[in-house]
Amino acid sequence: MLTDTPPRKPNLKFFVDSDQPKTVPLPSDGRLVKVTAAIEMAMKIDDTTEVRQTCDDFLGTASGFYRVPPCSIRVLAARPLRVHECSTTELFGDYQPDTTLIRVWLRTAVGKEVTSFGTFLSTLCHEFCHHWDFLKFGFGDSWHTRGFYERTAALYDHARGTSPKRLVWAPLPRQRRRIDWPRTNRSSSQPGSNDKRLP
């Protein structure tokens with residue numbers, strides 16, 4: 001996971017705001033955990049209609065809790081491939097701010113198999129956080145910042161019922177960063193690792 005290059009003014013102020021760590025409120029009544037389990041069950045029986053309905057329930061529950069207008073969802077078949085000059089990438093999901101539509105793809109691009117539940121849920125949380133950026137924080141764009149990925153991770157861990165991890169970042173050229181997964185996984189088991197953002 002890579003962060004975006006910081007934009008030029010006047011959007012730089014909003015980018016910096018998005019990059020800041022924020023305390024993410026999470027439902028205490030298990031509502032997201034329950035609907036997340038329903039998504040997993042629908043994926044296990046390979047019922048696309050039920051997957052879409054349970055995803056819609058997830059987004060409606062999250063939107064209600066965070067007090068943002070609801071967004072719509074389309075669950076599509078195999079992921080499209082994007083062919084570049086030196087590489088090929090798969091599109092897992094996207095968010096269209098003009099229509100507040102989230103699209104997620106249920107199957108792998110090559111084998112056409114149902115994707116893993118963790119990958120699918122991570123994509124759903126990722127796209128919802130784009131929706132959140134526009135309608136909760138009022139950003140003019142939704143950048144992939146450290147703060148964005150940390151908000152996404154908090155929502156994912158809560159919804160799936162997994163222990164939260166403090167993301168550890170490695171610097172890259174052009175003021176970009178990537179998640180250092182080995183350090184992230186090691187730090188999550190250390191006492192006090194959730195007390196601050198690690199460098």
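This briefing describes a surface patch, a loop residue and a helix in one protein structure. The structure is a predicted model. Helix α4 is mostly covered, with 15 of its 19 residues buried. Elsewhere, L81, V83 and V110 form a nonpolar patch on the surface.

**Surface patch**
- Together, L81, V83 and V110 present about 330 Å² of accessible area.
- V83 belongs to strand β2, which covers residues 81-83.
- V83 counts as exposed because its relative accessibility is 66%, and the cut-off for exposed is over 50%.

**Loop residue T115**
- T115 is located in the loop that runs between β5 (101-107) and α4 (117-135).
- With a relative accessible area of 7%, T115 is buried, since buried means under 20%.
- A polar contact of 2.5 Å links the side chain of T115 to the side chain of R79.
- Apart from neighbours within four places in sequence, T115 is in contact with M43, R79, W105, L106, R107 and F120.

**Helix α4**
- The 19 residues of α4 should span 27 Å at 1.5 Å a residue, and this agrees with the 27 Å between its end C-alpha atoms.
- C125 is placed in helix α4.
- C125 has 0% relative accessibility and therefore counts as buried.
- When residues up to four places away in sequence are not counted, C125 touches F58, T152, L155 and Y156.
- C125 and L26 are separated by 99 residues in sequence, while their C-alpha atoms are 13 Å apart in space.

How values were computed: Residues are numbered from 1 along each chain as its sequence is written. This is a predicted model: local features need pLDDT of at least 70, side-chain atom pairs count only at pLDDT 80 or more; totals for chains, interfaces and linings use all residues. Side-chain values use heavy atoms; hydrogens and water are left out. Patches are made of residues with over 30% relative accessible area and no salt bridge: like charges are joined within 9 Å, nonpolar side chains (Val, Leu, Ile, Met, Phe, Trp, Tyr) within 5 Å. Accessible areas come from the Shrake-Rupley method with a 1.4 Å probe; for residues, only the protein chains shown count as cover. A salt bridge is a side-chain nitrogen of Lys or Arg within 4 Å of a carboxyl oxygen of Asp or Glu. Helices (H or I, at least four residues) and strands (E, at least two) are DSSP runs, numbered from the N terminus. Buried means under 20% relative accessible area, exposed over 50%, partly exposed in between (1.4 Å probe, protein chains only). A polar contact is a pair of N or O atoms within 3.5 Å; within protein, one must be able to donate a hydrogen and the other to accept it, and residues adjacent in sequence count only if both atoms are side-chain atoms. Contact means heavy atoms within 4.5 Å. The expected span of a helix is 1.5 Å times one less than its number of residues.
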